[in-house]
Amino acid sequence: MAKSKLRRKKSTSSPAKSTAGSNGRASATHPVRRRHRATARSMAASQRDISVSEFFAKNRHLLGFDNPRKALLTTVKEAVDNALDACEEAGILPEIWIHIESTGTNRYKVGVQDNGPGILKKQIPLIFGKLLYGSKFHRLRMSRGQQGIGISAAGMYGLLTTGKPVKIMSKVSVRKPAHYYEIQIDTKRNRPEIINGRGEGVDIPPGQRGQKAIDKHGIEWIESNHGTRVTIELEARFQRGRGSVDEYLEQTAIANPHVAIHYLDPDGNQKDYPCVAETLPAEPKEIKPHPYGVELGRLVGMLKDTKAPNISQFLTKSFSRVSPAVARRICEGARISTRASTKKIGRHEADLLYQSIQKTKIRPPLTDCISPIGEELILKGLHQVVPGEFYAAATRPPAVYRGNPFQIEVGLAYGGASTAHRVSRETLVELLEESDARTLRQFLVTTFDGMGTDAADKILREAGAKTRVSPGNLKNPDIDRLHDALRNVNLYDGQSMNVLRYANRVPLQFQAGGCVITQTVLSTNWRAYGLSQSRGSLPRGPVTVMVHMASVWVPFTSESKEAIAAYPEIQKQLRLALQSVGRKLGMYLRRRKRVKHEGERRSIFLRYLGEVATAVSQINQSDRDNLHKQLLLVAKQKTADADVKLDDRGRPIEEAEQDFGDNVLIVDPVEATEALANRPKDEKEQQGRLF
């Protein structure tokens with residue numbers, strides 16, 4: 001019996017072995033499957049939402065904080081842009097105070113205050129402590145800010161690099177308490193954290209009690225009835241020259257002549273830009289989206305969210321320039337009833353509706369949503385900051401890209417003293433010390449706008465300096481020779497055009513090569529207007545061109561808002577505007593060349609008229625003095641162009657047929673030079689920093 005049981009056990013176990021042998025591959029994969037399931041569970045547990053603050057904290061270069069020098073400029077720029085928008089929306093002539101103070105090695109404290117309407121208490125933490133929070137993204141009207149990122153991103157950068165919170169002081173009325181907050185961003189949740197006043201901030205009472213509270217909390221504040229001040233401490237680098245805060249503020253003064261700016265730099269130098277226009281720009285109005293600018297996916301979303309009962313009302317209430325008649329034509333093209341319910345419109349019907357919109361003729365959107373600078377103010381702004389002898393401006397009629405209205409404006413300044421000629425020795429020493437250029441030649445090219453390599457080599461030859469010497473290694477005698485060369489060498493032959501780019505009155509200072517403005521300037525044939533130009537390069541000469549694009553939505557190439565995308569409609573308007581000011585410049589240069597030529601002819605005539613009169617009088621026995629007067633009269637008639645005088649609008653006083661057109665300003669070069677020389681010393685030095 002024992003043997004039979006043993007045999008039975010063996011017999012029962014043998015099939016199991018055979019089964020395992022036949023399915024050996026399947027049984028061997030069980031541990032692998034278990035490992036895969038464990039890995040999947042682990043991956044699922046590790047995945048989580050990423051807040052926008054956390055994303056930009058790791059990718060801050062996308063917002064313009066990729067190096068300390070640029071970070072300082074971006075911080076000032078975002079704060080100033082917000083201040084200007086707030087003042088203009090409230091109908092207040094803007095006055096802005098900018099203070100940059102060094103707090104340590106590569107650390108600076110930036111304070112920007114305005115005289116705007118102030119901010120409500122509950123909005124302050126969200127505006128300065130939360131990314132993508134604002135009122136401008138969803139509105140179709142011209143404004144400097146668009147995304148609701150800039151100033152909160154600057155505060156986040158300051159927190160990351162110094163650990164210091166953003167400090168905000170805002171006051172809405174002289175009779176109401178002001179609000180003071182110290183805020184930092186919780187990047188994981190994209191939420192503001194208030195760290196003063198037990199998480200509630202501090203209220204500053206009006207009057208003398210308020211001043212005591214300001215002193216107690218160490219709040220920086222310039223006394224004003226209303227306004228906002230933001231203070232950010234960050235890791236940065238202050239440097240003059242291209243891409244600097246100085247250059248940004250000077251260019252801002254050109255495009256915003258209605259703004260008064262007070263600037264105190266880290267060295268304690270005070271620079272004021274007074275307002276030259278006592279009226280605010282026309283307030284832009286908000287418009288609805290134009291049908292041509294709406295893509296299919298957005299149209300489907302709008303149909304889903306609309307409260308309109310039928311398609312006809314949806315089209316007329318959701319879009320601009322769509323009347324009931326236009327809505328009927330769109331529905332007929334899509335073969336959809338005007339009374340069709342918006343809730344029953346499917347993907348196919350929405351596609352037919354979208355295609356019908358593209359085929360239907362619809363008027364362009366209204367242009368009261370944008371506020372251009374204007375040709376007269378462009379001339380005033382350029383004349384205030386950029387030295388020159390000839391100024392011209394042109395504003396194109398409004399146009400449309402992707403359903404968005406925009407307008408192109410161009411200003412041009414020609415002649416005047418070069419920026420290198422106007423730099424003082426003290427400023428030159430400061431620039432040499434701050435420069436990170438490896439060679440002196442590189443320093444000259446990168447510091448002074450419009451200076452090419454040929455002009456730099458000419459200066460170095462005049463100064464007797466080596467091209468590869470480091471700017472920081474120059475001795476006092478070398479600096480003296482360099483300064484003399486900068487003041488005495490003629491730089492016009494090698495000087496290239498200086499291009500100032502603007503979008504909604506905001507200067508664009510980086511990524512010039514990727515901007516449609518620079519690309520269109522390069523592709524314009526400036527030789528037809530009297531300037532020398534090599535293929536694929538900027539024209540040469542003492543020329544400054546400012547180009548401004550005003551739009552409800554500027555198509556920036558990145559979140560840092562440094563370059564404009566190259567849409568064909570924008571390129572066309574840029575080309576036409578540049579050609580308009582180019583023709584005026586060509587007329588002026590041809591007239592100046594003709595006057596110079598006739599003057600040279602007259603000098604030759606005058607040189608020999610006395611001898612001719614003497615010889616003829618001896619031959620004919622005539623009165624020499626009378627003959628000399630007649631010959632002088634003939635010479636003046638033959639060289640009459642040398643006597644042509646132009647008025648302050650660019651029109652010849654004596655000859656009506658020579659007309660440069662409207663919006664031209666001509667300044668006597670001698671008077672401009674004398675006016676520059678008679679300015680106070682500190683003002684001349686600041687003018688010498690327009691690089």
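Which residues line the second largest cavity?

1. In this predicted model, the residues lining the second largest cavity are K70, L73, T74, K77, E78, P507, L508, Q509, F510, S560, K561 and E562. Helix 5 (68-89) and strand 14 (506-508) are the elements that each contribute two or more residues to this lining, and helix 5 has the largest share, with five residues.

2. The second largest cavity holds about 100 Å³ of space, and the search of the whole structure finds three cavities of 30 Å³ or more.

3. Elsewhere, R240 takes part in a salt bridge with D246, where the closest N and O atoms are 2.8 Å apart, and R240 and D246 are both buried. R240 also forms a salt bridge with D265, at 2.9 Å between the closest N and O atoms. This second pair links distant parts of the chain, 25 residues apart, since R240 lies in the loop between strand 7 (227-235) and helix 9 (245-255), while D265 lies in the loop between strand 8 (260-264) and strand 9 (270-273).

4. R240 has a relative accessible area of 3% and is therefore buried, and D265, at 2% relative accessibility, likewise counts as buried. A network of salt bridges links R240, D246, D265, D267 and E430, and the search of the whole structure finds 17 salt bridges.

Definitions and conventions: Residues are numbered from 1 along each chain as its sequence is written. This is a predicted model: local features need pLDDT of at least 70, side-chain atom pairs count only at pLDDT 80 or more; totals for chains, interfaces and linings use all residues. Side-chain values use heavy atoms; hydrogens and water are left out. On a 1 Å grid over the protein atoms alone, a cavity is a set of points where a 1.4 Å probe fits but cannot get out, and a pocket is an open set with protein on both sides within 12 Å along at least five of seven lines; lining residues have an atom within 4 Å of a point. Grid points are joined across faces, edges and corners, and a volume is the space filled by probe spheres set on the points. Helices (H or I, at least four residues) and strands (E, at least two) are DSSP runs, numbered from the N terminus. A salt bridge is a side-chain nitrogen of Lys or Arg within 4 Å of a carboxyl oxygen of Asp or Glu. Buried means under 20% relative accessible area, exposed over 50%, partly exposed in between (1.4 Å probe, protein chains only).
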